[in-house]
Amino acid sequence: MEVLEKEFMRLYNLYVDDCLRLAVSFTKNIADAEDITQKVFVKLYNELCNKKGVFNKSWLLKVTANECKNLIRWHKRIIYSNELLENKTGSCIEIDATSSSLLKLSKKYRIVVYLYYYEGYKVREIAVILNLNEENVRTRLRRGKEKMKKMLKEDYYAKER
């Protein structure tokens with residue numbers, strides 16, 4: 001049992017921040033992202049106990065993305081008032097202009113751009129994680145970059161005035 005716990009802690013310490021950042025980029029909410037990250041590592045622990053499969057960063061990020069999608073599906077079933085929705089999205093972290101523009105992208109562009117530039121995944125790996133074909137990933141990456149570039153230019157010129 002001690003070997004299992006050491007392996008779990010090794011994986012946890014290596015990848016907890018990556019999973020949390022991906023969850024924040026999906027949900028734009030720290031509390032939801034922390035809940036999702038906790039679920040992911042509970043699943044990891046259970047899988048380690050059952051000795052099923054190989055566990056690495058790619059596996060953890062795929063599980064994180066799936067948990068985020070599940071949460072989003074669940075949220076769509078609930079009708080929020082405008083005030084509650086504003087409070088929900090108001091808790092996102094904005095570090096700089098680039099991160100801010102990333103969070104403003106629609107989910108389908110935001111996730112691809114995040115995985116490519118922030119996590120360093122290749123197009124092929126992103127396609128596997130998100131269950132997309134490679135051409136869709138390339139298209140989303142290109143469009144996401146274009147949208148971010150436009151937002152950053154607008155912010156820059158707005159600040160100069």
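Q: Before we start, what should I know about the numbering and the model?
A: Residues are numbered from 1 along each chain as its sequence is written, and side-chain values use heavy atoms, with hydrogens and water left out. The model is predicted, so to speak: local features need pLDDT of at least 70 and side-chain atom pairs count only at pLDDT 80 or more, while totals for chains, interfaces and linings use all residues.

Q: How many helices and strands does the protein have?
A: Helices (H or I, at least four residues) and strands (E, at least two) are DSSP runs, numbered from the N terminus. Here you get eight helices and zero strands, in the pattern α-α-α-α-α-α-α-α along the sequence.

Q: At what angle do helix 1 and helix 2 pack?
A: Axes are lines fitted to C-alpha atoms, for helices over the stretch in contact, and angles run from 0 to 180 degrees between N-to-C directions. Helix 1 (residues 2-27) and helix 2 (residues 30-50) pack at about 150 degrees, with axes 8 Å apart. By class, their contact has 19 nonpolar, two polar and four charged residues; Ala, Val, Leu, Ile, Met, Phe, Trp, Tyr, Cys and Pro count as nonpolar, Asp, Glu, Lys and Arg as charged, and the others, Gly among them, as polar.

Q: Which residues of the largest nonpolar core touch the most other members?
A: Such a core is a set of buried Ala, Val, Leu, Ile, Met, Phe, Trp, Tyr and Cys residues joined through side-chain atoms within 4.5 Å. Buried means under 20% relative accessible area, exposed over 50%, partly exposed in between (1.4 Å probe, protein chains only). Of the 42 residues in the largest core, look at Phe41, Leu44, Leu115 and Leu130. Helix 1 gives the largest share, ten residues. Leaving aside neighbours within four places in sequence, Leu44 is in contact (heavy atoms within 4.5 Å) with Phe8, Leu11, Phe55, Trp59 and Leu60.

Q: Where do the buried residues of helix 7 lie, seen down its axis?
A: In helix 7 (residues 123-130), Val123, Ile126, Ala127, Ile129 and Leu130 are buried. They fall within an arc of 165 degrees, so they line one face of the helix; the arc is that of the directions from the helix axis to the C-beta atoms. Asn131 follows helix 7, with a positive phi near 55 degrees.

Q: Is Glu67 buried or exposed?
A: Glu67, in helix 3 (residues 57-77), counts as buried because its relative accessibility is 8%. Not counting residues up to four places away in sequence, Glu67 touches Ile36, Lys39, Val40 and Lys43.
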